[in-house]
Amino acid sequence: MKIVRFVYRGEPRYGLLNSDQIEVIHNLPFDEVDVTGVSVALSKVELLSPVDPSKIIAIGLNYRDHAKELDLEMPTEPCLFLKPTSSLIGSGNAIVYPEATGQVDFEAELVIVIRKAARCIKSEDAADYIFGYTCGNDVTARDIQKKDEQWTRAKGFDTFCPVGPHIETELDTSNIYVRSRLNGEIRQDGSTKEMVFDVFDLVSYISEVMTLYPGDIIFTGTPFGVGSMSPGDTIEVEIEGVGSLINKIEQ
Ligand code: MG
């Protein structure tokens, strides 16, 4: 299934995407997808971020090739940080370049969407707690990240968390490509097989720290090849079997 979130009669609603049609669904999709019988054309609606999470967790340095690129040691435990929910935008929305920075980088990432409350879950049970996956861009003010001890400011500006365009509920994440394209040119072309900690290990590890709730999202780290963006650029994150998240950069 492909699940979208969009504006319907002035309200955010979830829907089931079937090619170019969206079937509006009742309530939240995480327990079961209950369609209303009403359909709207995808071309007629404004898509939102496909989830409205209680929190956004992200992992630093989870690809072997990216750690090598930065000349950093391979982590022995996942490095967790949070992005504020106020930074969330959907596909098609603009990433706003803040005045406080001179270097805004893209980071293409596979994003996990949580299905049900998870607390102290074992890796082997984690699949049951995952609703699906989407594309994310962990936008980072790299100069500020290097300057500040904490990453909150560098990764927390409004619009620094593009996610979408939809959630794919059926996906084998063991070996799929994670790509970014800047103005149509491929900049990152990694595979999830390079991940140090897989999606199940991450859900398990994070659930030992904080209870995960339905709709919470986890950015799983970025592969080799991160780079900078400028106002006027278009950045695309494409994940095999999911789709493409596309955003423009504005001053
Ligand atoms: Mg990242």
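1. Let's begin with a term: a nonpolar core is a set of buried Ala, Val, Leu, Ile, Met, Phe, Trp, Tyr and Cys residues joined through side-chain atoms within 4.5 Å. Buried here means under 20% relative accessible area, exposed over 50%, and partly exposed in between (1.4 Å probe, protein chains only).

2. A word on the source: this is a predicted model, in which local features need pLDDT of at least 70 and side-chain atom pairs count only at pLDDT 80 or more, while totals for chains, interfaces and linings use all residues. Residues are numbered from 1 along each chain as its sequence is written, and side-chain values use heavy atoms, with hydrogens and water left out.

3. Now to the largest nonpolar core, which has 29 residues. Those with the most contacts inside it are Leu110, Ile112, Tyr133, Val203, Leu212, Ile218 and Ile239. Two or more residues each come from strands E5 (56–60), E10 (108–114), E11 (130–137) and E18 (234–239) and from helix H4 (199–207). (Helices, H or I with at least four residues, and strands, E with at least two, are DSSP runs numbered from the N terminus.) Apart from this core lies another, of 18 residues, including Phe30 and Phe219. In soluble globular proteins, nonpolar side chains tend to be buried together.

4. Look next at helix H4. Its buried residues are Val199, Leu202, Val203, Ser204, Ile206 and Ser207, and they pack against E5, strand E6 (79–83), E10, E11 and strand E16 (217–219). Leaving aside neighbours within four places in sequence, valine 203 is in contact (heavy atoms within 4.5 Å) with Ile112, Ile114, Ala126, Ile130, Leu212 and Ile218.

5. Glutamate 109 sits in strand E10 and aspartate 138 in the loop between E11 and strand E12 (140–141), so the pair ties together parts that are 29 residues apart in sequence. Both glutamate 109 and aspartate 138 are buried.

6. Finally, an open sheet of 5 strands runs in the order E8-E19-E18-E14-E15, with mixed pairing. Two strands pair if DSSP finds at least two bridges between them. Strands E8 (94–96) and E15 (185–191) are at the edges, each pairing on one side only. Strand E14 (residues 177–182) and E15 run antiparallel, joined by 6 bridges; serine 180 has glutamine 188 in E15 as its bridge partner.
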